[in-house]
Amino acid sequence: MQDTQFVLLLWFVGIIAEAMTGALAAGKQRMDLFGVVIVGCATAIGGGTLRDMLLGNYPLIWVENWHYLLAIVLASLLTVVIAPLMRYLAKLFLTIDALGLAVFSVIGAQKTLLLGFSPAVAVVMGVITGVFGGVFRDILCNQMPLIFRKELYGIVAIVTASCYVMLQIAGTEPWLSLGISLWLGFSLRMLAIRFCWSVPTFHYSTDQHHE
Amino acid sequence: MQDTQFVLLLWFVGIIAEAMTGALAAGKQRMDLFGVVIVGCATAIGGGTLRDMLLGNYPLIWVENWHYLLAIVLASLLTVVIAPLMRYLAKLFLTIDALGLAVFSVIGAQKTLLLGFSPAVAVVMGVITGVFGGVFRDILCNQMPLIFRKELYGIVAIVTASCYVMLQIAGTEPWLSLGISLWLGFSLRMLAIRFCWSVPTFHYSTDQHHE
Amino acid sequence: MQDTQFVLLLWFVGIIAEAMTGALAAGKQRMDLFGVVIVGCATAIGGGTLRDMLLGNYPLIWVENWHYLLAIVLASLLTVVIAPLMRYLAKLFLTIDALGLAVFSVIGAQKTLLLGFSPAVAVVMGVITGVFGGVFRDILCNQMPLIFRKELYGIVAIVTASCYVMLQIAGTEPWLSLGISLWLGFSLRMLAIRFCWSVPTFHYSTDQHHE
């Protein structure tokens with residue numbers, strides 16, 4: 001029970017952090033406040049919403065409990081107010097975002113397992129929960145999704161979700177699976193940022209001269 | 001019964017108007033007729049479809065009754081034929097579009113309430129029904145969604161849906177709630193266009209020199 | 001039974017081919033390997049997934065049987081390895097892609113009919129299954145969807161799905177409906193590529209001087 005509440009708290013911190021990255025991205029496109037709120041919401045709950053729609057798992061969390069949505073709307077608007085401070089908070093922000101990524105990936109996998117789906121599907125849904133908020137943010141801002149080029153973002157989601165699922169299959173106690181995979185995902189992301197690790201890119205050109 | 005049929009008529013006018021804005025947007029991107037039809041359909045029924053998918057409310061309206069889809073396809077193709085006349089009809093068109101926005105927002109909220117969801121969710125679904133058709137249109141046309149920058153579009157949806165939901169909670173007769181919120185939303189949008197009202201925009205730059 | 005397995009084989013070839021077009025498109029945008037896999041998956045199963053979500057038909061195929069997803073991931077990664085050979089295989093590739101389009105359209109229509117929906121909805125779902133993988137691919141790559149401008153792509157889906165549905169209504173034996181519509185769709189697409197057939201485009205400009 002204790003660790004469930006701890007995860008819920010981390011998840012809440014995660015959606016708030018994601019809402020703020022969404023609001024900032026909207027600000028870079030000079031959107032109006034309505035756009036800021038929509039992009040904030042899509043970033044914060046887009047991944048989990050897509051997961052539940054793919055699984056046919058209704059009602060959605062934020063439909064059942066609209067207070068989450070209210071918190072996200074307020075976080076988006078707050079971001080507009082404190083935007084000038086953002087550059088001084090950049091490091092804190094990256095840290096919270098890394099935490100959010102790890103939490104989303106673990107929770108996505110956990111929920112899928114609890115619904116009785118296979119471990120492989122749980123990993124896929126963990127990754128979708130972790131990264132698709134950012135994909136929706138970038139599509140709404142008419143940008144190519146950053147996570148397809150950014151340091152290890154997607155890989156962190158895969159590793160975190162896989163670690164959790166494997167530990168659960170191995171019969172590890174829930175709170176231990178959770179703690180280990182969260183820690184692994186968070187560390188990996190922070191190390192990737194620190195040392196600029198990245199996944200090899202694939203460059204395909206149909207132009208004969210540039211090979 | 002009478003007012004239900006009146007709303008259905010307004011809704012039908014709304015989806016036709018939205019299909020036409022979709023077709024025109026496709027024409028600006030020089031799409032072929034297939035693209036025109038797809039963008040027209042996504043604009044006309046995208047908002048309501050997303051709402052019903054988020055609520056898990058199946059079957060979708062246009063799946064149950066494909067005649068709506070046929071009407072939208074025909075409206076999209078008709079737009080191609082009468083496009084040269086469009087600039088003379090621009091004012092009529094904006095008026096119908098404003099009506100469509102108000103009707104979609106009210107109907108979205110109404111359906112959600114009837115399905116037994118909370119008032120807050122009804123407002124959110126009214127807004128999604130009102131504006132997401134336009135969001136899908138702009139994503140398919142590879143544009144940043146206009147409604148995130150255009151005069152009060154999103155705000156009109158919020159005000160209209162909120163007004164309807166509050167009147168319903170207050171126990172107002174259905175036809176009166178409907179009439180008042182439709183009139184409010186329509187007037188607000190027309191005034192916003194007339195006087196170029198807009199929501200403050202949020203401009204965030206990570207560049208140190210431009211603050 | 002025999003023809004069901006034949007269709008399943010064609011479908012499998014189709015998703016593999018679509019995954020490879022997705023991976024190549026990601027490579028043109030210089031995405032990392034994670035992006036390549038996500039775009040490959042979205043291209044291969046996006047159309048069928050959207051169809052099943054619109055119909056409320058759960059669980060999704062790849063959620064029930066994750067081996068399809070594994071095959072798609074491997075095909076996407078394999079594409080990166082054999083990319084240098086791609087230009088020599090271009091013709092084979094276009095052929096498989098044409099086959100995939102026809103198969104997807106027929107299967108989409110077939111599944112919808114089997115679920116008890118109306119013939120009109122079956123045609124629409126056949127088209128969605130056939131073309132929306134490509135739409136998702138192009139949105140994730142931040143491109144305007146190619147199928148809205150490419151030679152007859154969408155029309156082939158409409159003709160193929162309509163042909164299948166009409167033959168089924170007419171009481172034709174399943175394997176014959178299937179064979180005829182597949183052959184028709186495949187031929188039409190190959191002819192369209194060979195002779196550069198295309199659908200008229202719609203060009204709408206709000207600029208008064210260019211009419």
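## How the chains meet

Only 12% of the interface residues of chain C are also interface residues in chain A, so the copies meet through different surfaces. This is a predicted model: local features need pLDDT of at least 70, side-chain atom pairs count only at pLDDT 80 or more, and totals for chains, interfaces and linings use all residues. Residues are numbered from 1 along each chain as written, chains are lettered from A in the order written, and side-chain values use heavy atoms without hydrogens or water.

Chain C can be laid on chain A by a turn of 120° and a shift of 0.0 Å along the axis, with an RMSD of 0.0 Å (least squares on C-alpha atoms of residues with pLDDT of at least 70 in both). That is the relation of a three-fold axis. Within chain C, C:Asn142 comes closest to the rotation axis, at 3.9 Å (C-alpha).

| Item | Value |
|---|---|
| Residues in contact (heavy atoms within 4.5 Å) | 32 from chain A, 39 from chain B |
| Buried area (accessible area lost, 1.4 Å probe, summed over both) | about 2,900 Å² |
| Salt bridges (Lys or Arg side-chain nitrogen within 4 Å of an Asp or Glu carboxyl oxygen) | 0 salt bridges |

Carbon and sulfur atoms give 70% of that buried area. In chain A, A:Asp32, A:Phe34 and A:Arg87 lose the most area to chain B, together 24% of what that side buries.

By class, the side of chain A that touches chain B has 22 nonpolar, 6 polar and 4 charged residues (Ala, Val, Leu, Ile, Met, Phe, Trp, Tyr, Cys and Pro count as nonpolar, Asp, Glu, Lys and Arg as charged, the others as polar).

Technical notes. Buried area = accessible area lost by both parts, 1.4 Å probe.
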